[in-house]
Amino acid sequence: MAKFFAVIIVVITIASAIPIVMHTWPTPQDISTHGAAIDDQTNETMLEAGISFVISQIILAFFIWRFSSWRQGEKTKTFPGGAKAMVWAAFLLVGTEVLALGIFGVKAWANVYFTPPAADAVQVQAQAGQFAFYFRYPGPDGKFGPIHPEMINEANANFFGIDQTNDADSKDDVVTAEMAIPVNKEVHLLMHSKDVGHSFFVPELRVQQDFVPGLDLSLHFTATKIGRYEIVCTQLCGLGHYNMKAYLSVLSQSDYDDWIKKQAALQ
């Protein structure tokens, strides 16, 4: 029975590797300046992790085959020298995996998250809540007004809890349910959650960032292709999670200027 189990492990390992080697699931189109580097990093990570996976499973199958017995009641053979060698092997395998992920991560991921945005980047604030996204633009003064959580009221469309009557910086803020940005212009996205954990994921942008309650997070990116793309939440955030999405419109600079003027007029 144990030897049959070892064969099954090898068969499952090979069957799992085939779709990855064949690239059965191609990635969506890339619309960002950093997307190619992210794709390269992902491919290298998958290759390194895949090789480690195949090696570890074959080693596991070998040991099951080598130290199992065909006969009922026969004493199980033990690994010469005890488990110390196996512990060291596992330590080296996992250590190599962690080291490789760190080396690959510096090339693309760190360049996105550990570098500051351009000083003239378009500022957009994203708020996630069960079960919708809302976006805020600072208006002509370039400043966001403060948020008053106690003033959040969806009944009167005050999704961010801003006080446009008393806060000068809030008077020209623009709040929308759809996100629009100009093409080939860096965007600095400021993110916060008003309740539980959510996620901002646009596959075409190669951007996925969790909203963490109590933390203000940010990232920056530049979209290179005009179009309309889905923003989805990838964290299981409640019963309505399946329906939590918004849209990102990447517009020409002139179309973006017109869009933001129309949104300001609707406030």
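1. Basis of the values. The model is predicted, so that local features need pLDDT of at least 70 and side-chain atom pairs count only at pLDDT 80 or more, whereas totals for chains, interfaces and linings use all residues. Residues are numbered from 1 along each chain as its sequence is written, and side-chain values use heavy atoms, with hydrogens and water left out.

2. Cysteines. With a disulfide taken as a pair of cysteine sulfur atoms within 2.5 Å, the count comes to zero disulfides. C233 is in no disulfide, and its nearest cysteine sulfur, that of C237, is 3.9 Å away. C233 is buried at 7% relative accessibility, and C237 is buried with a relative accessible area of 5%, where buried means under 20% relative accessible area, exposed over 50%, and partly exposed in between, for a 1.4 Å probe and protein chains only.

3. Largest pocket. About 1000 Å³ of space lies in the largest pocket, and this volume is the space filled by probe spheres set on grid points that are joined across faces, edges and corners. A pocket here is an open set of points on a 1 Å grid over the protein atoms alone where a 1.4 Å probe fits, with protein on both sides within 12 Å along at least five of seven lines, and lining residues have an atom within 4 Å of a point. The lining holds 34 residues, of which T27, D39, T42, N43 and M46 lie nearest the centre of the pocket.

4. Make-up of the lining. The largest share of the lining of the largest pocket, 13 residues, comes from α2, while α1 (2-21), α2 (35-67), α4 (109-113) and β7 (207-211) each supply at least two residues; helices (H or I, at least four residues) and strands (E, at least two) are DSSP runs, numbered from the N terminus. By class, the lining has 20 nonpolar, 12 polar and two charged residues, with Ala, Val, Leu, Ile, Met, Phe, Trp, Tyr, Cys and Pro counted as nonpolar, Asp, Glu, Lys and Arg as charged, and the others, Gly among them, as polar.

5. Five-stranded sheet. An open sheet with mixed pairing has the strand order β3-β2-β1-β5-β8, two strands being paired if DSSP finds at least two bridges between them. The edges are β3 (174-176) and β8 (217-222), each with a single partner strand, so one side of each is left without a neighbour in the sheet. Strand β2 (residues 132-137) pairs with β3 in the antiparallel sense over three bridges, and R136 stands opposite V175 in β3.

6. Strand β10 and its partners. Five of the seven residues of β10 (residues 245-251) are buried. Strand β4 (residues 179-182) pairs with β10 in the parallel sense over four bridges, whereas β9 (residues 227-232) pairs with β10 in the antiparallel sense over six bridges. In β10, S249 is the bridge partner of A180, and R228 also stands opposite S249.

7. Backbone points to check. Most residues other than glycine have a negative phi, and most peptide bonds are trans. The peptide bond from Q130 to F131 is cis, with omega near 0 degrees, and F131 is found in the loop between β1 (122-129) and β2. N184 has a positive phi of about 60 degrees and is exposed, with a relative accessible area of 56%. R206 has a positive phi of about 60 degrees but counts as buried at 14% relative accessibility.
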